[in-house]
Structure formats: C-alpha cells, structure tokens
Amino acid sequence: MRPEPKTKMTPEARRDHGRMLRYMALNCLYGVLVGVATAGALIWLDIGTVGTLIARSTDPLLATATVLVPFALVFGGAAAASSIALLPYRRKFRR
C-alpha cells in the first residue's frame, strides 16, 4: 500500500485553525478558573465539612489538590466541549 500524499494547508486555513485553537484554549482556561473558584468556595464555606477535613488532614496541601484538580479538569473540559459545540462559523457562500 502506498501512503496517501499529504495535503498542504493554505495560509487562510492555517490562520483559521490558529484562531479556533486560541478560542478553545481561552474557553478552557475560563472553565479551569471557574472550577478552581468553585472548589475554593466549597473549601472556604466548609460545605460538607470539606474545609474542616482538609484543615485536620496530615497533609493539607495534598488534600486541597485532591479537591481542586478534579474540579479544574471537569470544568475546563466542559467549557472546552461547549466551545466546540458553539463554534462561530461564517458562511463562505451566501445564497
């Protein structure tokens, strides 16, 4: 079998891809920030005694990271996925 020839991207397509990736990365960053803020509020307001459990832990840094990281990943992933679903696009050919 022969490998398929690689197609070259036009400068316009390369620019569009860069914009799209920047848009998605920015939305992902916003999601991560919201996730960290939500987990921080959960700890600070001591909802479900999470703050107390972290304060009494033998390694509070690890316990805090165990709460913060999943929140950041889930919210960041959700924001990135919603940005893909809501990608703005322009019609190239108008009717």
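Me: Contact here means heavy atoms within 4.5 Å. With that in hand, how much of the contact in the protein chain comes from residues 24 or more positions apart?

Reply: Of the contacts with a separation of 6 or more, 73% are between residues 24 or more positions apart. Keep in mind that this is a predicted model, where local features need pLDDT of at least 70, side-chain atom pairs count only at pLDDT 80 or more, and totals for chains, interfaces and linings use all residues. Residues are numbered from 1 along each chain as its sequence is written, and side-chain values use heavy atoms, with hydrogens and water left out.

Me: What makes a stretch a helix here, and how many helices and strands does the protein chain have?

Reply: Helices are DSSP runs of H or I with at least four residues, strands are runs of E with at least two, and numbering starts at the N terminus. By that rule the protein chain has 3 helices and 0 strands, so the order from the N terminus is α-α-α.

Me: How do you know how α1 and α3 are placed relative to each other?

Reply: From their axes, which are lines fitted to C-alpha atoms over the stretch in contact, with angles from 0 to 180 degrees between N-to-C directions. The axes of α1 (residues 11–44) and α3 (residues 60–85) come within 7 Å and cross at roughly 145 degrees.

Me: Which hand does the crossing of α1 and α3 have?

Reply: Right-handed. The rule looks at how the near helix is turned from the far one by less than a right angle: clockwise is right-handed, anticlockwise left-handed.

Me: What classes of residue make up the contact of α1 with α3?

Reply: There are 17 nonpolar, 8 polar and no charged residues in it. Nonpolar means Ala, Val, Leu, Ile, Met, Phe, Trp, Tyr, Cys and Pro, charged means Asp, Glu, Lys and Arg, and the others, Gly among them, are polar.

Me: Why is Ala-72 called buried?

Reply: Buried means under 20% relative accessible area, exposed means over 50%, and partly exposed is in between (1.4 Å probe, protein chains only). Ala-72 has 10% relative accessibility, so it counts as buried. Buried residues make up 16% of the 95 residues in the protein chain.

Me: What does Ala-72 touch, not counting residues up to four places away in sequence?

Reply: Ala-72, which is found in helix α3, touches Val-32, Gly-35 and Val-36. Its C-alpha is 4.4 Å from that of Gly-35, 37 residues away along the chain.

Me: What makes the Asp-16 and Arg-19 pair a salt bridge?

Reply: The definition wants a side-chain nitrogen of Lys or Arg within 4 Å of a carboxyl oxygen of Asp or Glu. The N to O distance for Asp-16 and Arg-19 is 3.6 Å, so the pair qualifies. The structure holds 1 salt bridge.

Me: Where is Asp-46, and what is its phi?

Reply: Asp-46 lies in the loop between α1 and α2 (50–55). Its phi is near 55 degrees, a positive value in a residue other than glycine. A relative accessible area of 30% makes Asp-46 partly exposed. Leaving aside neighbours within four places in sequence, Asp-46 is in contact with Ala-41, Gly-51 and Thr-52.

Me: What is the phi of Thr-49, and why is Thr-49 called partly exposed?

Reply: Thr-49 has a positive phi of about 55 degrees although it is not a glycine, and its place is in the loop between α1 and α2. Its relative accessible area is 44%, so Thr-49 is partly exposed.
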